[in-house]
Amino acid sequence: MSCFLMINSWAGADQEVAAEKMARVFRMGSDEAGNIVDNLSNGNPWQFDHQVSDRQSEVAEPYLRSLGFDVERIPVMSGDDFNMPMMDETVESKPGLFGKIKGMFKKKR
């Protein structure tokens, strides 16, 4: 199974650090991540456009929460022709999305 990650808000100590780490997690530019974190801190939720495996989300969710993000998993509903997210948008998955996060957890132990 897979899911989408919805981030409802951000309430952390350092917005720049959160944006930098979010950019690495979701493989996006730092300006884009900075805008997203700014919007999140103003109460505007954001959903990652790609499906994430359950295994990846189990690693990403606690990591993102530790940065101050309020994370929600949205299960992908199965359709006859394709997988459809519960939100309005259909997207393809991106392999190896959170591999770097796993490495970060292993380094901290």
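In which helix is the place of Ser-57? Ser-57 lies in helix α3, residues 54-66, where helices are DSSP runs of H or I with at least four residues, numbered from the N terminus. The model is predicted, so local features need pLDDT of at least 70 and side-chain atom pairs count only at pLDDT 80 or more, while totals for chains, interfaces and linings use all residues. Residues are numbered from 1 along each chain as its sequence is written, and side-chain values use heavy atoms, with hydrogens and water left out.

Ser-57 counts as buried because its relative accessibility is 0% (buried, under 20% relative accessible area; exposed, over 50%; partly exposed in between; 1.4 Å probe, protein chains only). Apart from neighbours within four places in sequence, Ser-57 is in contact with Cys-3, Leu-5, Val-52, Pro-62 and Arg-73 (contact, heavy atoms within 4.5 Å).

In helix α1 (residues 15-25), Ala-18, Ala-19, Met-22, Ala-23 and Val-25 are buried. These residues cover an arc of only 160 degrees around the axis, and therefore sit on the same side of α1; the arc is that of the directions from the helix axis to the C-beta atoms. At the start of α1, a side-chain oxygen of Asp-14 comes within 3.1 Å of the backbone nitrogen of Glu-16.

In helix α2, the buried residues are Ala-33, Ile-36, Val-37 and Leu-40. Seen down the axis, they fall within an arc of 95 degrees, so they line one face of α2. Asp-31 and Asn-35 are exposed on the face turned away from the buried side. Gly-43 follows α2 with a positive phi, near 90 degrees.

Key
Helix = DSSP H or I, 4+ residues; strand = E, 2+ residues; numbered from the N terminus. Polar contact = N/O pair within 3.5 Å; in protein donor to acceptor, adjacent residues only side chain to side chain.
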